[in-house]
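Good morning, and thank you for joining this group meeting. I would ask you to look at the sequence and the model while I speak.

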Amino acid sequence: MTRAQGRGTIAIHAGQAPDPVTGAISTPVYYTSTYAQAGPGEHKGFEYSRTHNLTRFALEANLAALEGGAHGLAFASGCATATTILHLLASGDHVIAGDDLYGGTYRLFERVFRQMGIEFTYVDPARGPEAFAREVRERTRLVWVETPTNPMLKLCDIAGVAKAVKAAARGRVLVAVDNTFMTPWFQRPLELGADLVVHSTTKYLNGHADVVGGALVTQDRDLRDRLAFLQNAIGAVPSPMDSFLVLRGTKTLHVRMQRHAENAQRIATWLEERKDVARVIYPGLASHPQHALARAQMHGMGGMISFVLRGDLERARRFLKACQIFVCAESLGGVESLIEHPAIMTHASVPADLRKTLGIEDSLIRISVGIEDVDDLLADLDQAFSASS
Ligand SMILES: *Cc1c(COP(=O)(O)O)cnc(C)c1O
């Protein structure tokens with residue numbers, strides 16, 4: 001039996017081998033739309049780049065290996081990935097989703113797929129697996145969760161939910177987990193019973209804030225074939241260059257994630273002791289209501305922190321403007337630290353009353369902790385607290 005490789009080795013080598021023609025170590029960027037055929041139908045397995053592109057194939061194989069799955073498919077964005085998966089469903093089908101979704105996913109469900117006759121029910125993931133199982137109907141086909149959620153960092157018990165909904169639906173439901181926040185370095189949903197892992201590769205997997213992309217991974221060959229058909233039919237594929245850049249990013253995933261999490265743990269602990277802060281939400285803090293689940297389900301706590309600043313919306317605005325290293329921007333997961341205001345920025349498309357129910361207050365701030373020197377990050381936050389008070 002061959003020894004199983006570590007994920008750091010997988011990150012660097014899976015899906016990649018020196019180019020057979022030249023020996024190039026880096027995966028060539030196959031910038032071509034079409035491929036020459038010796039005669040009609042006489043080709044080398046490559047016809048057209050939406051369907052066949054070796055740079056994208058290398059990325060797909062790499063991501064599949066990282067998630068511990070058999071098959072990966074890459075897309076032009078996280079939203080394009082979700083769109084493709086939702087096309088497995090037909091009008092009248094039902095989806096159960098976590099209630100604190102990425103704003104763009106919520107918008108896609110409510111404003112695009114609801115109009116096409118798909119029904120959605122939202123469940124607070126912190127209420128546990130039975131809360132999901134109770135919502136299963138005859139036409140429930142898909143369960144969609146993020147964990148930790150964005151921006152409230154609520155956890156979903158993946159193994160528990162997969163088991164409970166599959167029992168309630170007698171197997172005919174797919175469980176999809178958006179693993180963007182954790183990456184396979186810290187959480188592997190397929191090992192916990194999920195059928196599909198979904199990513200916005202825009203975030204940690206690429207990690208350098210220079211690509212918009214998405215991907216999914218599954219173990220199931222039949223499901224992969226249905227999704228590969230949709231990937232090609234809908235056509236929301238990533239470009240060769242974007243595929244190359246994400247592949248370059250995954251080579252350092254393990255090193256980056258370790259540093260993101262170390263820095264975030266330091267900052268969360270520091271924030272918890274500040275009188276300017278009413279509440280800090282980070283799965284790695286003992287004060288997180290699901291800290292025990294975080295330790296059981298995740299291999300690390302990630303780089304995302306949310307906190308409630310003492311003061312009103314104006315103070316929150318001043319705080320964000322005063323930051324110098326933390327850049328005020330949407331998105332997350334890059335090497336540079338970002339800070340944002342969910343109610344005004346990323347979650348503005350969530351209706352105000354729902355934001356309130358979810359706890360997205362006017363003084364809630366979300367930070368994506370980068371991999372800079374942590375003392376510089378602490379000093380930046382410190383001066384922003386003073387400047388805004
Ligand atoms: C960004 C994000 C998405 C959407 O991905 P895009 O690449 O922006 O389309 C989906 N889920 C989560 C958790 C995200 O952070």
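This is a predicted model: local features need pLDDT of at least 70, side-chain atom pairs count only at pLDDT 80 or more; totals for chains, interfaces and linings use all residues.

Let us begin with the ligand.

Some of the contacts can be described atom by atom. Asp178 places a polar side-chain atom 2.7 Å from a nitrogen atom of the ligand. For Lys203, a polar side-chain atom is 2.7 Å from an oxygen atom of the ligand. The backbone takes part as well: a polar backbone atom of Gly213 lies 3.5 Å from an oxygen atom of the ligand. How much of the ligand's accessible area does the protein cover? On its own, the ligand has 380 Å² of accessible area, and the protein covers 92% of that.

I turn now to helix H3, which spans residues 78-86. Is this helix largely enclosed or largely open? Eight of its nine residues are buried, so H3 is largely enclosed by the rest of the structure. A residue counts as buried here when its relative accessible area is under 20%. The buried residues are Gly78, Ala80, Thr81, Ala82, Thr83, Thr84, Ile85 and Leu86.

Finally, consider the start of H3. There, a side-chain oxygen of Ser77 comes within 3.3 Å of the backbone nitrogen of Cys79.

Technical notes: Residues are numbered from 1 along each chain as its sequence is written. Side-chain values use heavy atoms; hydrogens and water are left out. Buried means under 20% relative accessible area, exposed over 50%, partly exposed in between (1.4 Å probe, protein chains only). Helices (H or I, at least four residues) and strands (E, at least two) are DSSP runs, numbered from the N terminus. A polar contact is a pair of N or O atoms within 3.5 Å; within protein, one must be able to donate a hydrogen and the other to accept it, and residues adjacent in sequence count only if both atoms are side-chain atoms. Accessible areas come from the Shrake-Rupley method with a 1.4 Å probe; for residues, only the protein chains shown count as cover.
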